[in-house]
Amino acid sequence: MKIEVFSEEMIQTFKTDEEHIVISVRSPQSTSVLLPLQKSRIDTLFLEFHDVDESCVNINSEYFQFFNSNQAEEILNFINIYKDRVNLIAVNCEAGISRSAGISAALAIILNGIGSDAYYFKNYIPNMYVYRKILETHFKICYVCNEIIDNNSQYLTLLKDPKTGKRMYRHKKCKPKGPLKSLKRK
Ligand SMILES: [Zn+2]
């Protein structure tokens, strides 16, 4: 699958005969892109969120809208519908540097295999919050080493994290260093 990153300006003039889908990202309260009329564009998914991550903004900030799990699900469902029909996914955000590259890098791993995200890290600055959120939604991630648990490795499913209510996973070989803080009894 070809997954290409675009800025808002580039996507508005992008013309191709190749059948493709578009994932178009903008900030809340900004105006939507005008995509050129063309039959080859099969469908478009529009998403709104700010270009922020936990390292620069508090996730509970009322001024910023973070990318969330529902949006990650929306992207994954959208891709599932069309992945056998198209060979090109065009992803755009305003500057074409961070949010679109974060989505593209995660989708590259999911659709083209581990390691195929290197291109996006070399040429862009992927938003790591977006990147991780999509991968966490699609894969099981080991909470000890933070790596993807692939189909060949043995893993353990643990108690739900009491804070988030989500199941947690770890590689069988990855031994936790100590009891999780959140699981300690008072
Ligand atoms: Zn691990």
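**Entry 1: Helix H2 and the strands.** I began with helix H2, residues 69-82, in this predicted model. I found that H2 lies across strand E2 (20-26) and strand E3. I noted that H2 runs at about 175° to E3.

**Entry 2: Helix H3 and the strands.** I then looked up helix H3, which covers residues 99-112. H3 lies across E1, E2 and E4. I recorded an angle of about 170° between H3 and E1.

**Entry 3: The sheet.** I next asked in which order the strands of the open sheet are arranged. I read the order as E1-E4-E2-E3, four strands with parallel pairing. I identified the edge strands as E1 (2-6) and E3 (41-48), since each pairs on one side only. Neighbouring strands of this sheet are turned by 15° against each other on average, with direction ignored. As background, I wrote down that strands of a sheet pair through backbone hydrogen bonds, either parallel or antiparallel.

I followed the pairing of E1 in detail. E1 is joined by five bridges to strand E4, residues 88-92, and these two strands run parallel. For Lys2, I found the bridge partner in E4 to be Leu88.

**Entry 4: H3 against H5.** I reminded myself that two packed helices are described by the angle between their axes and the distance between the axes. I turned to H3 and helix H5, residues 128-138. Their axes come within 7 Å and cross at roughly 30°. The crossing in which H3 passes H5 is right-handed.

I listed the residues that make this contact. H3 contributes Arg99, Gly102, Ile103, Ala105, Ala106, Ile109 and Ile110. H5 contributes Met128, Val130, Tyr131, Ile134, Leu135 and His138. Sorted by class, the contact of H3 with H5 has ten nonpolar, two polar and one charged residues.

**Entry 5: H2 against H5.** H2 passes H5 in a right-handed crossing.

On the H2 side, I found Ser69, Ala72, Glu73, Ile75 and Leu76 in the contact. On the H5 side, I found Lys133, Ile134, Thr137 and His138. By class, the contact of H2 with H5 has four nonpolar, three polar and two charged residues.

Entry 6: I looked up how the chain is divided and found domain 1 (2-139) and domain 2 (140-186). The C-alpha centres of domain 1 and domain 2 lie 28 Å apart. Four residues from domain 1 and four residues from domain 2 take part in the contact. On the side of domain 1 that touches domain 2, I counted three nonpolar residues, no polar residue and one charged residue.

**Entry 7: The whole chain.** From the N terminus on, I read the elements as β-α-β-β-α-β-α-α-α-β-β. Taken along the principal axes, the C-alpha atoms of the chain fill a box of roughly 60 × 40 × 30 Å.

Definitions and conventions: Residues are numbered from 1 along each chain as its sequence is written. This is a predicted model: local features need pLDDT of at least 70, side-chain atom pairs count only at pLDDT 80 or more; totals for chains, interfaces and linings use all residues. Two strands pair if DSSP finds at least two bridges between them. Axes are lines fitted to C-alpha atoms, for helices over the stretch in contact, and angles run from 0 to 180 degrees between N-to-C directions. Two residues are in contact if their C-beta atoms, placed from the backbone, lie within 7 Å. A crossing is left-handed if the near helix is turned anticlockwise from the far one by less than a right angle, and right-handed if clockwise. Ala, Val, Leu, Ile, Met, Phe, Trp, Tyr, Cys and Pro count as nonpolar, Asp, Glu, Lys and Arg as charged, and the others, Gly among them, as polar. Domain bounds come from an automatic or database domain assignment.
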